[in-house]
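Reader: I have a structure to study and would like to go through it with you. Could we begin with how its helices meet?

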Amino acid sequence: MSRSPGGPPLSMAAAVPPRRATLRRWLMVGLLMIGFGLCSLVLLGAVGISTGVGAGLLGLVFAALPVGVVVPAFLWIDRLESEPRRMLVLAFAWGAVVATAVALVANTGTMAIIAGATGTDPTSLGAVVVAPVVEESAKGLGVLVILWLQRREFDGVVDGLVYAGLVAGGFAFGENILYLGRAFNEAGGAGLVATFVLRGVVGPFAHPIFTCCTGVGIGVAVYRRRGPLRLVAPVAGWAVAVALHAAWNLSAVAGLEGFLTGYVLLQVPFFAAFVALAVWARRREARIISVELTRYARAGWLAPTEVAMLSSVPARRQAREWARGIGGRRSQAAMDRFQDAASDLAMLRHRMELGDVDDGVLALERHLLATMMECRSQFVGSRAL
């Protein structure tokens with residue numbers, strides 16, 4: 001009977017989730033659907049009131065343009081150990097709908113309270129103090145929700161970067177619809193273009209960079225699992241996100257000279273640091289995949305050539321093309337699943353080496369190994385045809 005390197009026989013069925021866990025998951029799905037529905041109504045009402053239908057649709061078109069740059073950038077980071085598409089879509093949708101609606105209501109309500117209490121215009125105070133706290137909290141909550149839903153597959157810093165970046169990209173998209181629509185109503189085409197340049201060309205990665213600090217903190221906590229850093233890292237990441245957001249908004253309300261100074265001294269270096277972090281995180285993930293899958297190669301589960309292929313994005317692409325050439329789309333799909341299961345297995349094994357081992361982890365290891373063997377038989381079988 002076959003055995004996994006770190007667990008019981010492969011023939012043992014993976015543990016079936018208890019009925020209570022299934023009920024909790026369906027309850028969570030129901031709550032999410034209700035939440036998305038309510039937030040969608042809030043956003044539609046806000047667009048209708050503040051911009052009108054025509055300007056809102058125009059804002060929607062222009063707001064979608066930066067998405068074509070931001071989303072692919074985070075999907076590039078996610079190339080080696082791809083996250084489930086439904087979770088990636090949920091992350092973006094959370095930012096675009098839930099976080100945007102929550103921030104809109106909370107920011108407006110808080111500034112109304114401040115104005116009533118002080119009798120002054122709270123616009124600058126709201127931009128520098130209120131908005132960063134509210135918005136980074138709403139976006140960070142989205143990453144935590146995904147962590148709750150994907151506890152077994154949320155592996156560390158890379159996943160934190162990807163999910164936080166997509167949540168923030170969605171938030172920027174939802175927020176830009178309102179800003180661009182209002183700009184068109186107030187100043188026509190010139191106002192629309194100026195706002196688009198500032199928000200869509202000069203600073204499309206502003207929100208993602210802020211929220212990625214929270215994502216990195218959550219990723220560090222997931223990776224460490226024990227010790228005070230598990231609690232400190234997410235809070236510290238959120239605090240850095242709020243501070244950067246506040247500094248960016250301060251430069252925006254300080255006039256053109258202040259904005260340009262903030263852009264050069266804040267946005268440019270932090271964007272460079274973000275790119276360096278993304279490249280480092282992806283290379284680190286490739287090293288982890290190589291090291292951990294080598295353990296399975298030594299145990300006979302994988303060939304050394306497969307480990308080399310699975311540790312390289314170009315080699316993975318060539319393997320998918322090879323599979324398609326010998327067996328068509330079905331063979332390519334099997335290679336896709338093989339690569340995804342192998343990446344998940346490598347990250348799971350890495351967690352096991354750090355001491356995260358229980359019956360659920362061992363069952364998942366066996367499931368991933370079985371999936372890999374099944375997929376391999378499909379594209380290898382195609383070669384024999």
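Reader: Which residues in α2 meet which residues in α8?

Author: This is a predicted model, in which local features need pLDDT of at least 70, side-chain atom pairs count only at pLDDT 80 or more, and totals for chains, interfaces and linings use all residues. Residues are numbered from 1 along each chain as its sequence is written, and side-chain values use heavy atoms, with hydrogens and water left out. Phe-74, Trp-76 and Ile-77 in α2 meet Phe-274, Ala-278, Val-279, Arg-282 and Glu-285 in α8 (contact means heavy atoms within 4.5 Å; helices are DSSP runs of H or I, at least four residues, numbered from the N terminus). These residues divide into six nonpolar, no polar and two charged.

Reader: What about cavities: how many of 30 Å³ or more does the search find?

Author: The search of the whole structure finds two. A cavity is a set of points on a 1 Å grid over the protein atoms alone where a 1.4 Å probe fits but cannot get out, and lining residues have an atom within 4 Å of a point. A volume is the space filled by probe spheres set on the points, which are joined across faces, edges and corners.

Reader: How much space lies in the largest cavity?

Author: The largest cavity holds about 70 Å³. Its lining includes Glu-285, a residue that also belongs to the α2 contact.

Reader: And which residues line the second largest cavity?

Author: They are Ile-209, Phe-210, Leu-244, Trp-248, Leu-266, Gln-267 and Phe-270. Helix α8 gives the largest share, three residues.

Notes
Helix = DSSP H or I, 4+ residues; strand = E, 2+ residues; numbered from the N terminus. Nonpolar A, V, L, I, M, F, W, Y, C, P; charged D, E, K, R; others polar. 1 Å grid on protein atoms, 1.4 Å probe; cavity = no way out; pocket = protein on both sides within 12 Å on 5 of 7 lines; lining within 4 Å.
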